[in-house]
Amino acid sequence: MKWIETKLRMPVYSPVVQRGRLFSELECLKPASLISIIGDSGYGKTTLVASYIHEKKIPAVWYNLTVSDRYKHVFISYLKAGIMEKLHKKRPTANTSPESTEAEFEELLLLLTAQKEPLCIVLDDYQSVNQSPEIKAVMKELLAHCSPFIRFIIISRVRPNLSISRLKTEGKYKELTTDDIAFTLAETEEFFHSAHQLKLEPHELELIYKKTEGWIASYQLILGIISKMAAKERAQFWTQFPHVQDIYDYLSSEVFEAQSEEIKEFLCETSLLPELNPEIIDELLGRKDSKHILQQLQREHLFIASESEGTTRYHGLFREFLYQKYKERASSITLQEQQLKLAAIYESRYQFVYAFVYSVIGKDYPAAARLMELISHRYNPIESMVFLDGWLEEMTLEKNIANNTLFLIRCVPLSIIQQLIAQFEKNMALLKEKNNKLWLCSLQHRLATIFLMHGDLMKAKQLFLESLQESERFQDRPMTALNLNLLAEIQRYFGEYKEALQNVRRSLFISEKYGHKHTQLHALDTIATICLDEGKLDEADLHIQQALTIAKKYDRSSLFFIYTTMGRMLRMRGDLNGAIKWGKKAVDISEEYNINFDIGWSNRELGLSYIEGKQWQQAENCLMEASRAFELFAYYRCTVIKSQIELYRQKNDRVREKQKITEFVQLCKEHNFYWEEAGIKAVEGVIIKEKQKVPLEIQTLGPLKIFYKGQPVIIKRKSSLRLLQFLVTNRNKKIEKDILLDALFPNGSLESVQNQLHVTVSTLRKALEPPLKKGGHSRFISRSDNHYLFHTTEIDLDIERFCQLASAGREANSPVNIKKLLAAEALYRGDYLEEYPYEHYVEAERENMRSLFMKICRTLAQYYEQQEEYEKCFTYFEKLIKKDPYQEEVYFDYITLLLRQNMTTEANRLARQLVIHVEEEMGIDIRGRMHRLFSTFNRVPVF
């Protein structure tokens with residue numbers, strides 16, 4: 001047997017990070033123990049043990065195993081030689097021959113049994129001999145009979161094939177796995193900052209740690225790339241991370257190429273899955289042995305992680321690598337087929353969120369829209385929207401933030417928009433606190449898109465600008481292009497055509513230069529729209545045709561945009577038949593997807609074509625459908641109302657025209673659509689000119705009171721009274737008949753409750769409008785198909801006047817606005833429908849009005865404080881506390897003002913009141929803060 005010196009040589013000790021936490025794990029064992037260090041390639045197993053032995057000055061024998069050591073006589077020869085050299089500074093004179101193996105083994109056992117001093121025996125790369133029955137037998141004898149001073153450390157990629165039950169029961173076995181030896185976030189920082197003096201931003205360290213999961217080998221490879229980069233160059237690098245060729249080369253040579261062709265194929269095909277469920281894999285790949293293969297891969301520690309829930313998955317970097325390998329091996333059609341097959345599998349298993357994700361990535365947008373609707377009714381909606389915060393990309397490994405954002409936001413259930421905005425703003429605050437600009441950029445883009453879709457255009461514009469700045473810095477070109485395009489869309493709404501055209505052309509240039517089809521088609525559509533605004537029809541036609549070709553091939557979910565633009569162009573050319581034809585195509589595709597935004601967008605444009613053709617009923621139907629679909633898309637609903645005003649003006653329907661004018665003005669003021677100012681002034685002039693004294697007055701703030709032409713109205717039927725409460729709460733909105741039935745008559749047969757509803761509506765109509773002859777002619781309660789609508793245009797409704805006056809609080813505190821706030825306060829005679837505290841359908845509106853009243857009082861208190869009218873200021877603080885005695889910050893502001901005015905007695909009264917309500921009742925400790933406040937004014941509080 002040829003002797004190989006390096007087999008008994010301890011590796012060069014070169015740790016870059018102190019592993020104190022792991023040293024503690026290695027030292028906590030009793031003597032005569034076995035420690036197994038098990039982990040995937042590149043996790044620093046050997047370096048860990050070598051540094052531990054070196055720094056702790058532990059006597060050790062190091063044996064580097066290879067496949068040739070699987071024979072008993074070879075294993076004993078090297079092990080005995082290492083021990084003899086360590087203990088007696090000499091080696092055996094001859095190698096162990098197969099014939100003398102047993103005798104040599106007996107001698108080795110005697111040697112280890114007699115050991116009186118601590119000795120560590122390290123068996124590195126144990127996976128090389130793990131399946132050898134001879135070595136298993138040898139290790140069994142050694143572990144059973146060696147001296148208590150002997151400690152074995154096995155370093156392996158797989159769990160040792162040894163019987164260790166006895167050692168475990170005696171507390172003499174310790175096992176460290178990949179999860180244990182991976183770098184922590186703190187060790188990541190130490191590696192880059194302390195060991196290599198590379199000062200990375202916290203968000204860079206967090207990104208490395210999250211994506212690599214502490215895989216140590218990748219750190220060295222990353223270091224080699226970024227060590228000489230400037231911060232700007234690193235910003236671009238992170239947008240592509242972890243697509244790093246050096247990392248992929250390592251995984252290829254060290255892991256992937258060592259597998260059989262069958263396993264390689266299995267690894268690639270299963271990279272599509274976020275979780276490795278053998279049943280799903282069998283169904284996807286048409287096999288029956290996935291469980292067996294996964295168990296084999298786990299035994300070999302092939303970058304498979306086990307989750308606490310019992311699921312398994314590939315290590316994130318390894319999965320990214322495998323997915324890229326799969327894309328090299330399979331065609332794009334095959335990939336799409338497998339993604340859609342996965343969507344069907346997940347849907348059949350009622351895993352609808354996963355099914356949605358794979359429908360999106362497989363570009364089956366109608367199925368995705370259908371699944372989203374199902375998800376929104378099936379789960380807690382805010383929880384099911386977690387994929388919007390990056391989960392889609394995390395699951396599917398496609399970097400499609402820009403591509404998917406518009407579709408995702410259009411899919412968002414309207415009922416959760418405010419919750420989603422609040423969650424995103426909270427996440428943004430955390431990212432800003434951490435200075436994590438890379439992830440913040442994506443979140444700003446998504447939140448800006450939500451604000452754009454739902455009417456807060458000023459916030460959307462600001463967020464798009466912020467996201468644009470960072471996406472340009474990180475050179476994230478798809479997101480830069482989409483930010484520019486959507487920014488141009490907002491500027492177009494504002495009438496800033498020069499700036500809009502400049503931005504959208506930049507978007508188109510980036511898209512075409514770098515081949516981003518999704519943003520290219522949207523930029524083309526936006527340019528075409530601007531051209532139509534400016535009357536450049538031929539130029540618009542050219543861009544529309546290009547966008548249409550791209551959309552048909554790459555993004556069918558955006559076709560309805562292009563179809564509506566085509567319809568508008570044909571209408572402007574006078575081709576009404578063509579305009580209606582394309583408009584109908586847009587409506588058809590939007591109904592196929594069943595997404596409210598798409599339905600509203602396409603129906604409004606088709607309605608305009610019907611108006612042009614004087615097809616009044618078709619136009620009205622389209623615009624009503626658009627208004628319904630845009631119910632929570634405030635700005636787009638505003639555009640529909642403008643179209644409805646034009647419709648009723650051309651029909652000479654003055655009553656409905658005035659109703660829509662009032663609705664238009666109210667909506668514009670409510671959302672501060674200041675760029676519609678000219679239109680607002682025009683329609684306000686119509687209102688002022690034609691407004692007549694309204695006959696019906698309803699007071700809902702405080703006791704419910706109703707007057708018709710100055711005479712009190714009494715509604716005796718309880719169901720009619722409840723119906724009025726429901727209608728006022730949902731005023732000027734179409735309400736489905738079934739919703740009314742559920743709210744008013746939760747019990748009873750369908751026929752019975754329908755009859756009750758008919759009588760209830762009839763009674764209420766008669767009570768509110770005594771001269772009414774037929775219900776269908778009611779000025780206040782109308783019915784269309786299965787919908788009811790409560791019109792307030794000709795009603796003096798205190799809650800509407802209260803909201804309109806209160807909107808002044810969002811503007812500068814001028815004397816004029818203060819008068820409006822005082823008028824609003826005077827209207828608030830009590831909580832909304834306060835006599836009916838248990839009607840669930842008024843609770844949200846009651847809380848909104850209560851909150852608005854509190855804001856008014858706070859604004860007035862601040863105003864009078866600035867004017868040094870302190871008595872009035874104190875009055876509003878008292879109103880705030882009376883309304884809500886648990887507002888800690890109101891108390892402190894009030895007490896601060898009292899102390900400034902040397903009103904210590906009053907300040908102490910409030911302090912005692914605060915202790916009762918906040919500390920004693922709610923368990924919140926506020927005494928310390930109170931002492932600090934009083935001490936600022938050299939006072940001591942008396943509780």
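This is a predicted model: local features need pLDDT of at least 70, side-chain atom pairs count only at pLDDT 80 or more; totals for chains, interfaces and linings use all residues.
Reader: Which residues of helix 27 are buried, and what covers them?

Author: Buried means under 20% relative accessible area, exposed over 50%, and partly exposed in between (1.4 Å probe, protein chains only). An α-helix has 3.6 residues a turn, so residues three or four places apart point the same way. In helix 27, the buried residues are A500, L501, N503, V504, S507, L508, I510 and S511. Their cover includes helix 26 (477-493) and helix 28 (517-533). Just after helix 27 comes G515, with a positive phi of about 75 degrees.

Reader: Which residues other than glycine have a positive phi, and where are they placed?

Author: Most residues other than glycine have a negative phi. Q197 has a positive phi near 50 degrees; its loop runs between helix 8 (185-195) and helix 9 (202-212). With a relative accessible area of 58%, Q197 is exposed. N732 is not a glycine either, yet its phi is positive, at about 60 degrees. The loop that holds N732 lies between helix 37 (718-729) and strand 11 (735-736), and N732 is partly exposed at 29% relative accessible area.

Reader: Which members of the largest nonpolar core touch the most other members?

Author: In soluble globular proteins, nonpolar side chains tend to be buried together. A nonpolar core is a set of buried Ala, Val, Leu, Ile, Met, Phe, Trp, Tyr and Cys residues joined through side-chain atoms within 4.5 Å. Here the largest core has 175 residues, and F192 and L297 touch the most other members. A second, separate core of 77 residues includes I698, L704, I799 and L914.

Reader: What does F192 contact beyond its neighbours within four places in sequence?

Author: Contact means heavy atoms within 4.5 Å. Among the partners of F192 are Q197, L198, L205, Y219 and I226.

Reader: Is I544 buried or exposed, and which residues does I544 touch?

Author: I544, in helix 29 (residues 537-554), is buried, with a relative accessible area of 0%. Residues up to four places away aside, I544 touches A528, I562, T565, M566 and M569. D525 is 19 residues from I544 along the chain, and their C-alpha atoms are separated by 6.1 Å.

Reader: Which residues make the nonpolar surface patch of about 260 Å²?

Author: Patches are made of residues with over 30% relative accessible area and no salt bridge; like charges are joined within 9 Å, nonpolar side chains (Val, Leu, Ile, Met, Phe, Trp, Tyr) within 5 Å. A salt bridge is a side-chain nitrogen of Lys or Arg within 4 Å of a carboxyl oxygen of Asp or Glu. Areas come from the Shrake-Rupley method with a 1.4 Å probe; for residues, only the protein chains shown count as cover. The patch is made by Y886, M922 and I924. Y886 counts as partly exposed, at 37% relative accessibility.

How values were computed
Residues are numbered from 1 along each chain as its sequence is written. Side-chain values use heavy atoms; hydrogens and water are left out. Helices (H or I, at least four residues) and strands (E, at least two) are DSSP runs, numbered from the N terminus.
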